[in-house]
Amino acid sequence: MPISSLALHESMELHEALNFKTLCLAKSKLMQGLVFDRDLKALLQKDVEQSIQAIAELQALYAKAPFQAAMPASRPDPIIN
C-alpha cells in the first residue's frame, strides 16, 4: 500500500536534508571560482551537477509533506533601516 504523505518527523528531516544539499551546492559553486587545479575544479563541477539532481529529487519528495503552505502572490516588502 503506497503512502500518500510523509509523517511530520520525516518532513522535518527531509527539510533539513534539502537545506544541507542547498548549502553544499552554494559552497561548491563558490569554491569553483577560487580553485585553479583542473582536477579539483572538475570534481567540484561534478559535485554541483549531482547536488542539483539531488535537490530536484528531494523537492519532488517534499511535495508529499503534510504542512505545505500556499506561496504568496507577491514578494514581501524588503526591510530597510
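What follows is a set of questions and answers on a predicted model.

Q: What helices and strands are there in the protein chain?
A: The protein chain has 2 helices and 0 strands. Helix α1 covers residues 8-32, and helix α2 covers residues 38-62.

Q: Why is α1 called roughly antiparallel to α2?
A: Two packed helices are described by the angle between their axes and the distance between the axes. Here the axes of α1 and α2 come within 9 Å and cross at roughly 155 degrees. Angles over 145 degrees count as roughly antiparallel, so α1 is roughly antiparallel to α2. The crossing of α1 and α2 is left-handed.

Q: Which classes of residue are found in the contact of α1 with α2?
A: The contact has 14 nonpolar, 8 polar and 4 charged residues.

Q: What makes up the largest nonpolar core?
A: The largest nonpolar core has 7 residues in all: L14, L18, L25, V48, I55, L58 and Y62. To belong to such a core, a residue must be buried and joined to the others through side-chain atoms within 4.5 Å. Both α1 and α2 supply at least two residues of this core. The largest share, 4 residues, comes from α2.

Q: Which residues is L58 in contact with, leaving aside neighbours within four places in sequence?
A: L58 is in contact with L14, A17, L18 and K21. Of these, L14 and L18 are listed with L58 in the largest nonpolar core.

Q: What makes S51 count as buried?
A: The relative accessibility of S51 is 0%. Buried means under 20%, so S51 counts as buried. This residue lies in helix α2. Not counting residues up to four places away in sequence, S51 touches K21 and L25.

Q: Why does S28 count as buried?
A: S28, in helix α1, has a relative accessibility of 8%. That value is set against the limit of 20%, and S28 therefore counts as buried. Leaving out residues up to four places away in sequence, S28 touches L44, D47 and V48.

Q: Why is K46 called partly exposed?
A: K46 has a relative accessible area of 48%. Buried is under 20% and exposed is over 50%, with partly exposed in between, so K46 is partly exposed. K46 has its place in helix α2.

Q: Why does H9 count as exposed?
A: H9 is at 51% relative accessibility. Exposed means over 50%, so H9 counts as exposed. H9 lies in helix α1.

Q: What makes L23 count as exposed?
A: L23, placed in helix α1, has a relative accessibility of 58%. The cut-off for exposed is over 50%, so L23 counts as exposed. L23 and S51 are 28 residues apart along the chain, and their C-alpha atoms are separated by 9.7 Å.

Q: How many of the residues of the protein chain count as buried?
A: Of 81 residues, 17% count as buried.

Q: What part of the contacts with a separation of 6 or more comes from residues 24 or more positions apart?
A: Such residues account for 67% of those contacts in the protein chain.

Terms used:
Residues are numbered from 1 along each chain as its sequence is written. This is a predicted model: local features need pLDDT of at least 70, side-chain atom pairs count only at pLDDT 80 or more; totals for chains, interfaces and linings use all residues. Side-chain values use heavy atoms; hydrogens and water are left out. Axes are lines fitted to C-alpha atoms, for helices over the stretch in contact, and angles run from 0 to 180 degrees between N-to-C directions. Angles under 35 degrees count as roughly parallel, over 145 as roughly antiparallel, 65 to 115 as roughly perpendicular and the rest as oblique. A crossing is left-handed if the near helix is turned anticlockwise from the far one by less than a right angle, and right-handed if clockwise. Ala, Val, Leu, Ile, Met, Phe, Trp, Tyr, Cys and Pro count as nonpolar, Asp, Glu, Lys and Arg as charged, and the others, Gly among them, as polar. Buried means under 20% relative accessible area, exposed over 50%, partly exposed in between (1.4 Å probe, protein chains only). Contact means heavy atoms within 4.5 Å.
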